[in-house]
Amino acid sequence: MKNCKWLLLLLTCVPFQSAQSQVHSELATPPNGNNERAEVSQWIGLVKISIEYHAPNVHGGGGADRTGHIWGELVSYGFPDPGFGPSHAAPWRVGANETTTITLSHDVKVEGKDLKAGTYGLFLDVEKSGPWTWIFSRAAKGWGSFQYDPKDDVVRVPVDPVDAPYTEFMTFGFDERRPASTVAYLQWEKKRIPLKIEVPNINQLYVDQMREDLLSWPGFNYQNWQTAAQFCADNKINLEEALVWAEKAIHEPFRGAVVGVEDFSTLSTKSAVLGAMGRTSEADAVMDKALALPNSGVFDMHAYGVGLMRASRPDRALKIFQLNQQRHPEEKFWTYFDLARAYTALGDKANAIKNWEITIANVPENRRFMLPQFQTALKKLKEGS
């Protein structure tokens, strides 16, 4: 009798052993129920998000059409007793076979709540009405949710499921991919369940990585120090250290090994950092030094002046544009275009009209698409509007 009981237990467990064999066994065998293993990943900047799962399909169970019988039937509402394993109240395993997992390379926010880097079991509380709830659990290794225990929960976040086009195979994916966020989603049958993931310190992560990179081979190139400093200036982050990086690009990134370069570009970056720090007069002095260099080109000065215009500093921009025109009298389009814009911004109608007319007369072929815009600006000035 004892042997019969043992044999019965063995036969009962065999399906679960073979199902796990795709991942854990010494032998490669098909996944249980032919629910194929899948993985999807998405980067948010330096942050990698990966979801591993086994995907059931609507026409599973011998090919029967289960459309309309997924939510609330095949996938139970709430926390039912699975009738197997230690758990007496378990959410949906979000798939089939082994526990579905989500791996985060860095700390993130999920639906506004903090979640540390790591690998988590991913479960879902499905409800007949009201929000559904994503559950992130420390229990990332297991078989489905038969061993689910709420004490392992790290974060729970409610979301609203939405209607979606029919999807045969349960599928995870990523949408709305932004520089600092994405929306992961689960889509199956006619439902889509979103999960917003954000990296609020995305620029700090870049800065931290740059700092580390500059300690090795990239640090032997002065341009990498400049790139790091410019990134900080553009994003107004880590400015004190960025000023050091900008200086290294100009002078000596690695003492005795690499020579820095003082040119219009590196000085512009130093000025940008100072400007981001609110040290405007110092930033202007650095740019005056850059402008005095003999190799300051038409487009260098154009770009600097345009930046001043965007910063609502048309008076200084006009001086730069005038200097650019004096330095490069052979250029008949960009210098006059810049002067026309600056005079317009300053309300100098006569000089604005004069320079718009010269600009229009010298539009190069690759800028002909801008001609209607120039003509409109000139017309408005002449009409006094």
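Two strands count as paired when DSSP finds at least two bridges between them. The model described here is predicted. In this model, a hairpin joins S9 to S10 through 2 residues. The two strands run antiparallel and are joined by 9 bridges.

S9 and S10 belong to an open sheet of 4 strands, ordered S5-S4-S10-S9, with antiparallel pairing. Its edge strands are strand S5 (113-115) and strand S9 (162-178), each of which pairs on one side only. On average, neighbouring strands of this sheet are turned by 30 degrees against each other, direction ignored.

## Sheet S1-S2-S3-S6-S7-S8

Another open sheet is formed by 6 strands in the order S1-S2-S3-S6-S7-S8, and its pairing is antiparallel. Strand S1 (37-44) and strand S8 (153-159) stand at the edges with a single partner strand each, so one side of each has no neighbour in the sheet. From one strand to the next, the twist averages 25 degrees.

Within this order, S3 and strand S6 (residues 118-125) pair in the antiparallel sense over 4 bridges.

## Cavity

Rolling a probe the size of a water molecule over the atoms shows where empty space is left. In this structure there is 1 cavity of 30 Å³ or more. The largest cavity holds about 40 Å³ of space.

Which residues line the largest cavity? The lining consists of Ile51, Ile102, Leu122, Trp134, Phe172, Ala184, Tyr185, Leu186, Ile193 and Leu195. By class, the lining has 10 nonpolar residues, no polar residues and no charged residues. Strand S10 (residues 181-198) supplies the largest share of the lining, 5 residues. S10 is also the strand that the hairpin joins to S9.

## Aromatic pairs

The count of aromatic pairs comes to 20, with ring centres within 6.5 Å as the cut-off. Trp71 and Trp92 form one that is edge-to-face, at 5.6 Å centre to centre and with 90 degrees between the planes. Trp71 and Trp92 each lie in the loop between S2 and S3, so this pair ties together parts that are 21 residues apart in sequence. Both residues fall under the 20% limit for burial: Trp71 is buried at a relative accessible area of 12%, and Trp92 is buried at 11%.

The ring centres of Phe333 and Phe374 are 6.0 Å apart and the ring planes stand at 45 degrees, so this pair counts as tilted. The pair links distant parts of the chain, 41 residues apart: Phe333 is in the loop between H8 and helix H9 (334-346), whereas Phe374 is in helix H11 (residues 371-382). Phe333 is buried, with a relative accessible area of 3%, and Phe374 is buried as well, with 0%. Phe333 and Phe374 are also members of one aromatic cluster, which is formed by Phe299, Phe333, Trp334, Phe337, Trp356 and Phe374.

## Residues with positive phi

Most residues other than glycine have a negative phi. Val94 is not a glycine, yet has a positive phi of about 60 degrees. Ser312, another residue other than glycine, has a positive phi near 60 degrees.

Where do Val94 and Ser312 lie? Val94 is in the loop between strand S2 (47-54) and strand S3 (101-104), the loop that also contains Trp71 and Trp92. Ser312 is in the loop between helix H7 (298-310) and helix H8 (314-327).

Is Val94 buried or exposed, and is Ser312 buried or exposed? Val94 counts as buried because its relative accessibility is 0%. Ser312 counts as exposed because its relative accessibility is 61%, where the limit for that class is over 50%.

Key: Residues are numbered from 1 along each chain as its sequence is written. This is a predicted model: local features need pLDDT of at least 70, side-chain atom pairs count only at pLDDT 80 or more; totals for chains, interfaces and linings use all residues. Side-chain values use heavy atoms; hydrogens and water are left out. On a 1 Å grid over the protein atoms alone, a cavity is a set of points where a 1.4 Å probe fits but cannot get out, and a pocket is an open set with protein on both sides within 12 Å along at least five of seven lines; lining residues have an atom within 4 Å of a point. Grid points are joined across faces, edges and corners, and a volume is the space filled by probe spheres set on the points. Ala, Val, Leu, Ile, Met, Phe, Trp, Tyr, Cys and Pro count as nonpolar, Asp, Glu, Lys and Arg as charged, and the others, Gly among them, as polar. Buried means under 20% relative accessible area, exposed over 50%, partly exposed in between (1.4 Å probe, protein chains only). Axes are lines fitted to C-alpha atoms, for helices over the stretch in contact, and angles run from 0 to 180 degrees between N-to-C directions. Rings of Phe, Tyr and Trp (its six-membered ring) pair if their centres lie within 6.5 Å; planes under 30 degrees apart count as stacked, over 60 as edge-to-face and the rest as tilted.
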